[in-house]
Amino acid sequence: MNKDYIIEELGRLGTEQTKKTYIRHGAKEPLFGVKIGDIKTLVKYVKKNQELALELYDTGIFEAMYLVSLSIDPKLLTKEELERWMSKSNWPSVSEDIIAKVAAESNFALELASDWIKSEDELIAICGWNTYSNYLSITKDELLNLSHIKRLLNLIEETIHEERNRVRYTMNNFVISVGAFVKPLYNEALSVAHNIGKVNVNLGETACKVPVATEYLKKIEERGSIGKKKKTCIC
């Protein structure tokens, strides 16, 4: 199996309607308009082939990049490769979903997340926040730096409403992730959620909504799922 075959298959699976949907969500060319479920049917051709995965990511085609995120072994990626991936992001979904999830399972998750959230480039900053959020979802509490997480919660409480549009979205997501996945900090996260209240984010011509962190966390608490970790954040 080679790169050209995979690209040809993605092209065959694409539709104009799905492409239009992605574009409404901020997608940039090149892309084919392939539904996520259809992308997943090609994972078997790429999985465990790290070289092929890297070649596909470098095409810059959204669906190829998404396929790579489902197929690659994050532990084999170098810091430099992940930073190169970040330099190729051209819309929020690539930063928030594709790169953030893979980076969270890499050997450089915390280092990159802590660095990226400070960036003046919005696409890098949102990747940093979501990388950290995903890292919290899969990492045992005893391995987390709770003091650092508290400082980030305080930063969010003080600055979220003055931050850049999409950064507000991922900061809000971070508060939810802390409360949902880090049991010792549930009360702190809930307090910050109360204090920041509703977070306004322009999500364009989509039906997407920004979750209210207090309501979201209360639902998780009612289910008895606070502190329940994931096996993987890549899906």
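Reader: Why does Thr170 count as buried?

Author: Thr170 counts as buried because its relative accessibility is 0%, where buried means under 20% relative accessible area, exposed over 50% and partly exposed in between, with a 1.4 Å probe and protein chains only. This is a predicted model, in which local features need pLDDT of at least 70, side-chain atom pairs count only at pLDDT 80 or more, and totals for chains, interfaces and linings use all residues. Residues are numbered from 1 along each chain as its sequence is written, and side-chain values use heavy atoms, with hydrogens and water left out.

Reader: Where is Thr170 placed, and which residues is Thr170 in contact with, leaving aside its neighbours within four places in sequence?

Author: Helices (H or I, at least four residues) and strands (E, at least two) are DSSP runs, numbered from the N terminus, and Thr170 lies in helix H12. Contact means heavy atoms within 4.5 Å; with neighbours within four places in sequence left aside, Thr170 touches Glu96, Ile126, Trp129 and Asn130.

Reader: Which residues of H11 are buried, and what do they pack against?

Author: In H11 the buried residues are His148, Ile149, Leu152, Leu153 and Ile156. They lie on the same side of H11, because they cover an arc of only 145° around the axis, the arc being that of the directions from the helix axis to the C-beta atoms. These buried residues pack against helix H9 (109-116), helix H10 (122-138), helix H12 (165-181) and helix H13 (186-196).

Reader: How many disulfides are there?

Author: A disulfide is a pair of cysteine sulfur atoms within 2.5 Å, and by this rule the count is zero. The sulfur of Cys233 is 7.9 Å from the closest cysteine sulfur, in Cys235, which is too far for a bond.
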